[in-house]
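The sequence and structure come first.

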Amino acid sequence: MKRDAHSISIVRKNFGKKNSAAALILVSLFSLMGLMGLIIDWKSGLCGIVLVALLYLIYRIVQFQYFIWFIISSLIASYFLSEWLEIAFLQLVITSVCISFIFLIKPYYNDYIKPDDFEVFYLDRKQLRCLATFEDGDYKGYAINPKNYLKRYETVQIKGITCVKNHITIAVGDLLVRPRELSVDDVDQIWDYLNIHFPTMLDQKDDMQRNKLKENRYYMHKFFIFSPVMILAPIIYFFGNNGSDKRFTYCCLLLMILLPIIISKSLRKKNKE
């Protein structure tokens, strides 16, 4: 930890080393599966290698939005090729995906062996930097590479800060930011720093409560949007004879698609008002 009259910085040595090792193992396993697919069925393996090599060359040349169309076109071409060579299309696709992980082994290995000290928290009068996650899906990505979740904010955007044990909650604009990877000692040091340099931030309970209400409303909206799926799934099971009643099941599936869209638009319109 580095602390002076103008800033506070918290650094972790070899931060993310376990995550890099786990990612390297995962990439290696997928690559091994691709090589096994080549051994089991050499036709699909060779086609997969050619497909991955062509897509890699195209990726280096064209922009990403055009690259998506090349992927779709290659899948269609692979289907007709699998019919012509009499190989399983699904096996060809799986082998191609697994072989593509070979390109990731070197960068992930370099990231693993590189000694790296990483700053997990920084605050001064100009900016705040910290590790934070917001969406539910962020936690999966954070487990693989937490460094990608370093957030940056201007200090003038901070409305209030609360500290409880080893947890800090920061109201930044309309968001509630919860910095990660902080110990109890780190929080105590940050609290002391705030008491000296930003004492007014510790007394903004109204702003913190307002942002908390907005956060709760956001999660409630997500629950309302996906509630038709949670309700209609058991209805299909109990009243649609577990999908045997085709007409009833199709109607429920249609409602699963339409109702979330309608609810989402209604909530968005209500928020604007």
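## Basis of the description

Helices (H or I, at least four residues) and strands (E, at least two) are DSSP runs, numbered from the N terminus. The model is predicted: local features need pLDDT of at least 70, side-chain atom pairs count only at pLDDT 80 or more, and totals for chains, interfaces and linings use all residues. Residues are numbered from 1 along each chain as its sequence is written, and side-chain values use heavy atoms, with hydrogens and water left out.

Tyrosine 250 is part of helix α9 (residues 246-272). Its relative accessible area of 55% makes tyrosine 250 exposed; exposed means over 50%, buried under 20%, and partly exposed in between (1.4 Å probe, protein chains only). From C-alpha to C-alpha, tyrosine 250 is 42 Å from proline 146, and the two are 104 residues apart in sequence.

Phenylalanine 223 belongs to helix α8 (residues 205-239). With a relative accessible area of 44%, phenylalanine 223 is partly exposed. Asparagine 166 is 57 residues from phenylalanine 223 in sequence and 29 Å from it in space, C-alpha to C-alpha.

Two packed helices are described by the angle between their axes and the distance between the axes. Here axes are lines fitted to C-alpha atoms, for helices over the stretch in contact, and angles run from 0 to 180 degrees between N-to-C directions.

Helix α1 (residues 17-40) and helix α5 (residues 102-113) have axes that come within 9 Å and cross at roughly 160°. The pair is therefore roughly antiparallel; angles under 35 degrees count as roughly parallel, over 145 as roughly antiparallel, 65 to 115 as roughly perpendicular and the rest as oblique. Contact means heavy atoms within 4.5 Å. By class, the contact of α1 with α5 has 12 nonpolar, 2 polar and 2 charged residues, where Ala, Val, Leu, Ile, Met, Phe, Trp, Tyr, Cys and Pro count as nonpolar, Asp, Glu, Lys and Arg as charged, and the others, Gly among them, as polar.

## Packing around α4

The axes of helix α4 (residues 89-100) and α5 come within 4 Å, crossing at roughly 25°. That angle makes α4 roughly parallel to α5. Cys98, Ile99 and Ser100 of α4 make the contact with Ile102, Phe103 and Leu104 of α5. This contact of α4 with α5 has 5 nonpolar residues, 1 polar and no charged ones.

Helix α2 (residues 42-61) and α4 have axes that come within 8 Å and cross at roughly 55°. The two helices are therefore oblique to each other. Among the contact residues are Cys47, Ile49 and Val52 of α2, and Leu92, Thr95 and Ile99 of α4. The contact of α2 with α4 has 6 nonpolar, 7 polar and no charged residues.

## The largest nonpolar core

A nonpolar core is a set of buried Ala, Val, Leu, Ile, Met, Phe, Trp, Tyr and Cys residues joined through side-chain atoms within 4.5 Å. The largest one has 30 residues, of which Phe121, Leu123, Leu128, Ile161 and Ile170 touch the most other members. Elements that each supply at least two residues of this core include β3 (117-124), β6 (158-164) and α7 (184-197).

Leaving aside neighbours within four places in sequence, isoleucine 161 is in contact with Ile168, Thr169, Ile170, Leu194, Met201, Leu202 and Met208.

## Glutamate 181

Most residues other than glycine have a negative phi. Glutamate 181 has a positive phi, near 65°. This residue lies in the loop between β8 (175-177) and α7, and at 33% relative accessibility glutamate 181 counts as partly exposed.
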